[in-house]
Amino acid sequence: MRKYMVLATIAVLALTACAKIETGSGGNAQKKDVPIGFTNYTPKPLSKVGDTYISGTSLVTDKQFAVYAWLTAYDSFLPVNPGVPGFMDPAVVTWKNDTGTGSTNTYTPTRYWPAGDTPANLSFTAYYPYGGAGITAPTFATGVGTYEFEAQDASADMIDFCVADVVNDQVYGSTNKFATTNNDNHKGTVDFSFHHQLTKVQFCFKTTETDASTEVKLVEAQLKNVYTKGTLTATFAQHTEDTDNDTTTPEVTVTGVNKVGTTSTNWSDQGFSTPKITYDLTLNNSNPTVTSNEIKLETSVNTIHQNDIFLMVPQEMVEPTFNTDTGALTNTPQYLEVTWKVITNGVTTTNTRKLYLYDCLDNSTSPTRIDWVKNNNVIYTVTIGPSPIYFTGTVSNWAAEQEGYFNVH
């Protein structure tokens, strides 16, 4: 049996599938130079603790995202490795919450749609936030952007790193894809669909103790040994069609202006930094009683400070291994170290336990280990239930009888 068992943790994992909306412009043929506007749609609310925190599905006003664009001839966008996006490299767009024409989402210098009888095509990609702490500008030797990323040392400084789906092979006018479904509402506007590339991780605590004479207080909680760096590569693949209706292998690549494709992103090299990062969970909250930086735990869930929203590099949980003789940990698994007090009628005990994230299962009908996956929202609920000391007893049997005799004369 493993020597250090995780006894007091329950994990709740909320998974929401990524929606994807792509829109284009439509209408009559271009009559004059038309500026390229940008708007966005996010599949679910973004999350950022600091000044870029987003409570809805739109980017934060006055924050920026970077747009890259390729200028190609008709039907010549290369989805595997299109090369350097020289048309915009990049354009830095300041978000003004314009989801209509995008004309107030400003950038300089303004670029214009190619015109003429056979205008060149434009294909676009973008990431958010531009200049965000820990993001390097993408390179384009592989796919449609390779990013190096490092999570910050404090949760309050972490950013919500997002990459948009490629909007490919666009021209101005009625030939833009999906034009008939948009009623010409976004003529000349590129609508981006951004997707989270990090894992949102949060912690909360509770107790099972209901004895009025006993308090359980959370003293300290630290998240340790997490990977904080990684490489994200975005790729774009054209859709294909199944011509013989065998429902197995598609035979024909969809080609032509506005051919539709799928953008994918994949993490790698998460372990190129030694996983020795420690994050302190801030133990202050307006609801529970706080004394000396300790949280009095309730039977209902105590949330911790809002800054403790961790936007982390996706990674698999490492299984802890132990020395069979000493029980000492022999590797560096990710874990939460929790210190708490149990106070009963003035008598205090202080306790510390390592909760290995590898051992934490979700609450599904077939529980599975929770790895950190991009775009996932993981909430760990730690239930601290002090074990009461009970007493029972047995009495040993009397020893065998001994008989003594007196002779009185």
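A: In this predicted model, three strands, β21, β22 (347–356) and β23, each supply at least two residues of the lining of the largest pocket. The biggest contribution is from β22, which gives five residues to that lining. In total 22 residues line the pocket, and those nearest its centre are Val342, Gly385, Pro386, Ser387 and Pro388. By class the lining has 12 nonpolar, seven polar and three charged residues. The volume of this pocket is about 490 Å³.

The largest nonpolar core has 53 residues, and the members that touch the most others are Phe161, Phe205 and Trp372. Strands β21 (335–344) and β23 (377–384) each supply at least two residues of this core, as do β3 (64–72), β6, β10 (199–207), β11 (214–226), β12 (229–238) and β20 (310–312). The largest share, five residues, comes from β11.

A polar atom of the asparagine 225 side chain lies 3.1 Å from the backbone oxygen of proline 333.

Phe161 also belongs to an aromatic cluster, together with Tyr68, Trp70, Tyr127, Phe140, Tyr147, Phe149 and Trp267. The structure holds 18 aromatic pairs. In one of them, the ring centres of tyrosine 127 and tyrosine 147 are 5.3 Å apart and the planes stand at 75°, so the arrangement is edge-to-face. Tyrosine 127 sits in strand β5 (residues 121–128) and tyrosine 147 in strand β6 (residues 146–150), so that the pair links distant parts of the chain, 20 residues apart. Both tyrosine 127 and tyrosine 147 are buried.

Phenylalanine 161 and tryptophan 267 form another edge-to-face pair, at 6.4 Å centre to centre and with 80° between the planes. Phenylalanine 161 is in the loop between β6 and β7 (162–164), while tryptophan 267 is in strand β15 (residues 261–268), so this pair ties together parts that are 106 residues apart in sequence. Phenylalanine 161 and tryptophan 267 are both buried.

Key. Residues numbered from 1 in each chain as written. Predicted model: local features only at pLDDT ≥ 70, side-chain atom pairs only at ≥ 80, totals over all residues. Heavy atoms only, no water. Phe/Tyr/Trp six-rings, centres within 6.5 Å; stacked < 30°, edge-to-face > 60°. Helix = DSSP H or I, 4+ residues; strand = E, 2+ residues; numbered from the N terminus. Buried < 20%, exposed > 50% of the residue type's maximum accessible area, 1.4 Å probe, protein only. Core = buried A, V, L, I, M, F, W, Y, C linked by side-chain atoms within 4.5 Å. Polar contact = N/O pair within 3.5 Å; in protein donor to acceptor, adjacent residues only side chain to side chain. 1 Å grid on protein atoms, 1.4 Å probe; cavity = no way out; pocket = protein on both sides within 12 Å on 5 of 7 lines; lining within 4 Å. Points joined across faces, edges and corners; volume = space filled by probe spheres on them. Nonpolar A, V, L, I, M, F, W, Y, C, P; charged D, E, K, R; others polar.
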